[in-house]
Amino acid sequence: MKKLRYFLLLLILLPCTLLLGGCLNNTAYVTNIEKTQTLDNMDIYTVTYSDGTTSNFSVENGTDGEDLKIQDIFNYLIELDPDLYTNDEEGFKQFLQDYLTIQIDENDEKTAINKALLSAVSVYSEFPTYGGDTSVGAGAGVVYEMGDEYSYIVTNYHVVYYVNSTTSNKIARNIYVYLYGSDVSVTSSNSITNSINFGGDAIKCEYIGGSMNYDIAVLRVNTSDLKEVNENVRAVDIATGYEVGDTAIAIGNPEGDGVSVTKGIVSVDSEPLTMTGADDRTTITFRVMRIDAAVNGGNSGGGLFNSNGELIGIVNAKLMYASDGTPIDNMSYALPFNNITQVANNIIDNYESNNRAVGVTKLVLGVSIECVNRQNIYNPLTGESTIYDESVITAISGDSIASSHDLEVGETFSAITINGERQDFSRYYDLENALISIRVGDNVQIYVETENNVETMIDLGVITSDMLQSII
């Protein structure tokens, strides 16, 4: 197993069934229906509810007394009281909801974890290296999208990239994933082919694109291969937001020993993290959230979930030591969901448009920006805090979109309109996410405010391919 070494920060790659549980709400629900007595041609059924109460109903039995169907119960109730339900499909659905639906509290963490596990995978990447050796990296990922034919898995770029690989693009020559609970078998190198044997329930993946600067890679897999291993596999649910103090559930593949779960909280909602990239030489700054959930080598690429089982991030790094060499525990980092979705969608769209791994393309304005006027607004009614900040232009490159459209130093980005839909900016990173979401053919207008709060619209018009740049 290959190891990536850093003095202070480590990209946490390890080199080298739906369970319903937890608290239910206060609505009594059916826990059991059984036939308790037969009188002549009538079967007596007892219904037991979650609060311990019971009720009985009787139905005329069939020839063997064993052919009762739920529709028979519904029809019997309609005969007793025609006003109880409408005798149609909608009435039957309401009957099922009233009497046979178990209601799960979506805020129950046990339920959330088990739901999230159905989207979790462990990832193993095989790299040929100089000298004829083979190296395997272990990480994790999430099932991002599922289609009838293909599904997409999101992981970290550094999980599938190795600087000492002899492949032309340093991407693994073979990538396999295992679903949670499946049989994992990764055995030593074959002496003839010098390759790793991936057995058990291994699912072969195809790399379709990624970016070292965003540390995101997307894999494609046959949906039928996923469902053959577990028919309940599902695409991950994406959160709509998160805040400091929210539950942070990390699901990864620590030490390559299989999918496991740790829990903490979100410590910092957004901050820059500067470190050496996967190529061991490029200095890269990621936008990350900070968490205190315990993660280790192999957690890279694994999902970070809230208490509803919704994805809020992808774990990618941890702080190992302070500057004086003191070990540091549980200070880890994850790429936020809104950045992940924009980058992953960009990679998928580029692949489907070009039928090859293009990676990430972005509308580059040619400006330097600085985050200013950060405010933390506390709402005493909800007990929640919301951070607002702005992105102000500090420099403009010559021969750029910004210079040709008369953007000026000191102006603040306030909004963007893409194909008629306006997005107002409340955080400095909203601009970056919007620029990644732009595709060829989109009609784009950018809005800036001057120092005296006058808003101006900059019309970029229809985006052409030469206006988008590839991001390594």
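In which strand is the place of D269? D269 sits in strand β15, residues 260-276; strands here are DSSP runs of E with at least two residues, helices are runs of H or I with at least four, and both are numbered from the N terminus. The model is predicted, so local features need pLDDT of at least 70 and side-chain atom pairs count only at pLDDT 80 or more, while totals for chains, interfaces and linings use all residues. Residues are numbered from 1 along each chain as its sequence is written, and side-chain values use heavy atoms, leaving out hydrogens and water.

Let's stay with D269 for a moment. With a relative accessible area of 12%, D269 is buried (under 20% relative accessible area, 1.4 Å probe, protein chains only). Leaving aside residues up to four places away in sequence, D269 touches Y242, V244, V288, M289, I387 and R427, where contact means heavy atoms within 4.5 Å.

Now look at strand β11, residues 203-211. Seven of its nine residues are buried, so β11 is largely enclosed by the rest of the structure. On one side of the pairing list is strand β8 (residues 174-179), joined antiparallel to β11 by three bridges; two strands pair if DSSP finds at least two bridges between them. Here V177 has I203 as its bridge partner. Strand β12 (residues 216-222) also runs antiparallel to β11, with five bridges, and E206 is partnered with R220. Four residues lie between β11 and β12 in their hairpin, and D215 in the turn has a positive phi of about 55°.

Finally, find helix α8, residues 429-437: eight of its nine residues are buried, so α8 is largely enclosed by the rest of the structure. Among them are Y429, L431 and I436.

Terms used: Buried < 20%, exposed > 50% of the residue type's maximum accessible area, 1.4 Å probe, protein only.
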